[in-house]
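Here's a quick briefing to read alongside the structure. Take a look at the model first, then work through the points below.

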Amino acid sequence: MKSKIGIGLIGCGGIALANHVPGIALSPVARITALCDADGAVLNRASEQTGVSSKTSRYEELLAMDSVDAVIIATPNLFHAPIALAAIKAGKHVLCEKPIAMNAPEAAAMCDEARKAGVRHMTAFTYRFVPAMRYMAHLLSTGAIGVPYHFRAQRFQDWGMRSIGWRQVARMAGSGELGDMLSHRIDFAHLLFGGFTEIVASLRKYIDVREGQASDLDDWVSILGSFENGATGVLESSKLVTGGGEGGRSRDLCEVNGSEGSLVYELGMPFHIRVGKKGGSGFETVSLPKEFLTLPGSNRDPHATDPLVGFRYDQDVEFIQAILEQRDCRPSFVDGLRAQIVMDAAMESDRTKQWVKIRPC
Ligand SMILES: NC(=O)c1ccc[n+]([C@@H]2O[C@H](COP(=O)([O-])OP(=O)(O)OC[C@H]3O[C@@H](n4cnc5c(N)ncnc54)[C@H](O)[C@@H]3O)[C@@H](O)[C@H]2O)c1
């Protein structure tokens, strides 16, 4: 193993600069060694911001570089699978943005090829790294709510009528609100309650034209489902919660109820959860134990940055740790595939107006 792990960024737009550049900067053993973006202006801006001079508009060139041991793919969704498969073929470890593919067969191929090649593979389900979500998962794994009854997730933002670029184009994104926002909450469901057995879903597009460009994808989605553990789930996500704000300050709620109690996560309170106990008279707000404020092994100071932002950097820490420890990333491409299977089923259910069985993977 080299003394430093070289990271190639493929797609240097919004999320690469906001999440991954500072995330990699936290690691004493990793550094960004090459940049790739199809847009020259974006590439130059990323080069200026990172000080990395090795840059190309063709990902094939980046994958041929010896200085690159691992890649982070942060392009529009259409390009995830082809770039990931090429990276795996070149023997690079891959952290891929969500949703990892356009459909489940593509995601399954990514899992298979990564396993065969023995490279590390990770899905950027960033919100798993919110301290409150990590604590909630810990409490559930210790049986804190007894017999699970209900899973509930709500992601409500006000994106209004504005242009959202490739995100409003089916050919580039695959799905709208479903893949963009609800995919993270489908992953919460998997993390907290395990697999779904069947779902029924509805998707709705309200806005046909955003700033003069056709918009052909869902602005709202809802899924009703049953889990292997016997519980029920209700998930809803919308871009059109007028007046509700956006980003970390808008509603991102996840709640679980069981025979012994309930737990509530809200992104806006990343260092707290709300707890309801059997026989109690309502929810209490509980501070997280200190050890949950950062991912174990992360040298990040949880109070040094906005708590609604800093947790995102732990995702890159996990990628690097998994490479060093030669173990599976958490979450891996398998988690990306599981979410993709539910997303495909949601689109099928919306088309057929039927419940759809979820096959385990
Ligand atoms: N995990 C999260 O919380 C989170 C948040 C935002 C976005 N995302 C995901 O990250 C990905 C990127 O989103 P974004 O908001 O940064 O988009 P963006 O449009 O800001 O950036 C994407 C970049 O990819 C570049 N690009 C397009 N095709 C390319 C190619 N073939 N080779 C190299 N570069 C190419 C574009 O020029 C652009 O600069 C999407 O999959 C999105 O769903 C995840």
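Let's start with the domains: the centres of domain 1 and domain 2 lie 25 Å apart, taken over C-alpha atoms. Keep in mind that this is a predicted model. The domain assignment puts residues 5-126 in domain 1, while domain 2 takes 127-306 plus 339-356.

**Where the domains meet**
- The contact between them involves 14 residues of domain 1 and 20 residues of domain 2.
- On the domain 1 side, the touching residues are ten nonpolar, three polar and one charged.

**The whole protein**
- If you're counting elements, you'll find eleven helices and 17 strands.
- A compact globule of 361 residues would have a radius of gyration near 21 Å, and the 20 Å of this protein agrees with that.
- Along the principal axes, the C-alpha atoms fill a box of roughly 60 × 45 × 40 Å.
- Of the 361 residues, 48% are buried.
- Take the contacts between residues at least 6 apart in sequence: 69% of them join residues at least 24 apart.

**The six-stranded parallel sheet**
- Six strands make up an open sheet, and reading across you get β3-β2-β1-β4-β5-β6, with parallel pairing.
- The edges belong to β3 (55-56) and β6, each with a single partner strand, so one side of each has no neighbour in the sheet.
- Strand β4 (residues 70-73) runs parallel to β5, and four bridges join them.
- For a spot to look at in that pair, find Val71, which stands opposite Val94 in β5.
- On to the next pair: β5 (residues 93-97) and β6 are also parallel, over four bridges.
- Here Leu95 has Met122 in β6 as its bridge partner.
- To get from β5 to β6, the chain passes through helix α5 (residues 104-117), and this β-α-β crossover is right-handed.

**A closer look at β6**
- In a regular strand, side chains alternate between the two faces of the sheet.
- You can see which way each residue points in β6 (residues 121-124): His121 and Thr123 go one way, Met122 and Ala124 the other.
- Which of these are buried? All of them: His121, Met122, Thr123 and Ala124.

**Antiparallel pairing around β11**
- Strand β11 (residues 220-227) is mostly covered, with six of its eight residues buried.
- One partner of β11 is β8 (residues 196-204), and the two pair in the antiparallel sense over eight bridges.
- Within that pairing, Phe196 is bridged to Phe227 in β11.
- Another partner is β12 (residues 232-238), which runs antiparallel to β11 and is joined to it by seven bridges.
- Look for Trp220 here, standing opposite Ser238 in β12.
- β11 and β12 form a hairpin with four residues between them, and Gly230 in the turn has a positive phi of about 95 degrees.

- As background, most residues other than glycine have a negative phi, and most peptide bonds are trans.
- Where are the cis bonds listed here?
- Another cis bond runs from Arg330 to Pro331, with omega near 5 degrees.
- You'll find Pro331 in the loop between α10 (313-325) and α11 (333-352).
- Glu211 isn't a glycine, yet its phi is positive, near 45 degrees.
- The place to look for Glu211 is the loop between β9 (209-210) and β10 (213-214).
- Is Glu211 buried or exposed? It's exposed, with 11 other C-beta atoms within 10 Å.
- Lys353 isn't a glycine either, and its phi is positive too, at about 60 degrees.
- Lys353 belongs to the loop between α11 and β17 (356-357).
- With 9 C-beta neighbours inside 10 Å, Lys353 counts as exposed.

Notes: Residues are numbered from 1 along each chain as its sequence is written. This is a predicted model: local features need pLDDT of at least 70, side-chain atom pairs count only at pLDDT 80 or more; totals for chains, interfaces and linings use all residues. The radius of gyration is taken over C-alpha atoms; the globule rule is 2.2 Å times the number of residues to the power 0.38. A residue is buried if 20 or more other C-beta atoms lie within 10 Å of its own, exposed if 12 or fewer, and partly exposed in between; C-beta atoms are placed from the backbone. Two residues are in contact if their C-beta atoms, placed from the backbone, lie within 7 Å. Two strands pair if DSSP finds at least two bridges between them. A crossover is right-handed if, with the strands pointing away from the viewer, the path from the first strand over the helix to the second runs clockwise. Domain bounds come from an automatic or database domain assignment. Ala, Val, Leu, Ile, Met, Phe, Trp, Tyr, Cys and Pro count as nonpolar, Asp, Glu, Lys and Arg as charged, and the others, Gly among them, as polar.
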